[in-house]
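Try each task yourself before reading its solution.

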Amino acid sequence: MKLTRKMVLSRAKASELHSVRKLNCWGSRLTDISICREMPSLEVITLSVNSISTLEPVSRCRQLSELYLRKNCIPSLAELFYLKGLPCLRVLWLAENPCCGACPHLYRMTVLRNLPHLQKLDNQAVTEEEVSRALVEGEEVTAPSREDSGSGPPELSYIPSTVDAATEMPRDPLSLGEEETSSIQGQLGLKRPSRDQFPSFPQRAATSSRKNRNNILTAVLLLLRELDSEGLEAVHQRVVSRLQALQKQELQGAME
C-alpha cells in the first residue's frame, strides 16, 4: 500500500505536506513511503509494523529527529546510508527487521558507527563508550545498489530473520515500547497520565506494571482514532460510568 497525500494530511491534521511535523502510520500495511520526500518539516514519524523496504524517501526529511521502523522489511544495513545525512536524528527504532541479522552486537555497532549522533537505538540509550567502540567494531556502509537491495551488500554478511508483519499486527498493540508509546500519545495530543492524577484508584492499580498500563492505554488510543462522534460518545459514557463505580468502591472500602 502506498502512503498518499490524503492519508498524510488526514492523520497529521494538516493542510499542506510541507507543514507536517509529526506523523503516525503504525500498522498501516505500507510498502511505499515515497511521499516523505515532500515533507521537509517532518520531525517524528512512526512507521512500525509495515512492509517498508527502503529508507531513501526519508533522506529528504532534514528535520527528522525520531524514526520508528520496528517490524518492517528493511533488507540490509546499507539502507543506513540514507539516514547519514539527517543532522537532527536522535532516536531510531530498527529492531525486528531482516537487516538486524543474527549478531545483535555487530548490528548495534554498525548502526552507531554510521549514526554516531543517536541518543537512543531500539529503545536503549546510547553511551559514549559504545560510540567509541563502534568506530572499531562496526562496519561502514555505502549506498545500496539495486542489485543488492534484496539481499544486502556483501560486506555485511548478516543472516536475515523472518519478519511477518501481517501475522503480528493483531496482537502487537500491546507490545509497543516506551518510546513508541510516548510518540503516539504525543501525536494524539494526549499526555501520559501520572499516578498522582488517580489518587482514588485501588492500590493494586497503583502497583501494576507501568509498562503494561502504558501499552494498554496506547492500544485504546489507537482504536479511538477509528471511531466517529457517536462511537466516541458511547466510550465517554462508559468511562464516566467506570470512574463512578471505582470511586463508589473506594468510598465503601473507607467506611468499612
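**Exercise 1.** This is a predicted model. Work out whether E130 is buried or exposed, and find its salt-bridge partner.

*Solution.* Start with the accessible area: E130 has a relative value of 13%. The cut-off for buried is under 20%, so E130 counts as buried. R108 is in helix 2 and E130 in helix 3, so the bridge ties together parts that are 22 residues apart in sequence. Finally, check R108: at 10% relative accessibility, R108 counts as buried too.

**Exercise 2.** Describe how helix 2 and helix 3 pack: what is the angle, and which residues meet?

*Solution.* First, locate the helices: helix 2 covers residues 104-114 and helix 3 covers residues 128-137. Their axes are 8 Å apart and cross at about 100°. The two helices are therefore roughly perpendicular to each other. Now for the contacts: on the helix 2 side you'll find H105, L106, R108, M109, L112 and R113, and these meet E130, R133, A134, L135 and E137 in helix 3. Helix 2 also has buried residues, including Y107, T110 and V111. Besides helix 3, the buried residues of helix 2 pack against strand 4, strand 5 and strand 6.

**Exercise 3.** Find what K71 pairs with, and where the two partners sit.

*Solution.* K71 forms a salt bridge with E96, and their closest N and O atoms are 3.8 Å apart. K71 lies in the loop between strand 3 and strand 4, while E96 lies in the loop between strand 4 and helix 2, so the pair ties together parts that are 25 residues apart in sequence. As for cover, K71 counts as buried at 5% relative accessibility, whereas E96 counts as partly exposed at 37%.

**Exercise 4.** Say which residues make a nonpolar surface patch with L243, and how exposed L243 is.

*Solution.* The patch is made by V235, V239 and L243, and its area is about 190 Å². L243 belongs to helix 8, which runs over residues 229-255. At 32% relative accessibility, L243 counts as partly exposed.

Definitions and conventions
Residues numbered from 1 in each chain as written. Predicted model: local features only at pLDDT ≥ 70, side-chain atom pairs only at ≥ 80, totals over all residues. Heavy atoms only, no water. Patch = residues over 30% accessible without salt bridge, like charges linked within 9 Å, V, L, I, M, F, W, Y side chains within 5 Å. Areas by Shrake-Rupley, 256 points an atom, 1.4 Å probe, with all protein chains shown as cover. Salt bridge = Lys/Arg side-chain N within 4 Å of Asp/Glu carboxyl O. Helix = DSSP H or I, 4+ residues; strand = E, 2+ residues; numbered from the N terminus. Buried < 20%, exposed > 50% of the residue type's maximum accessible area, 1.4 Å probe, protein only. Axes fitted to C-alpha atoms, helices over the stretch in contact; angles between N-to-C directions. Parallel < 35°, antiparallel > 145°, perpendicular 65-115°, else oblique. Contact = heavy atoms within 4.5 Å.
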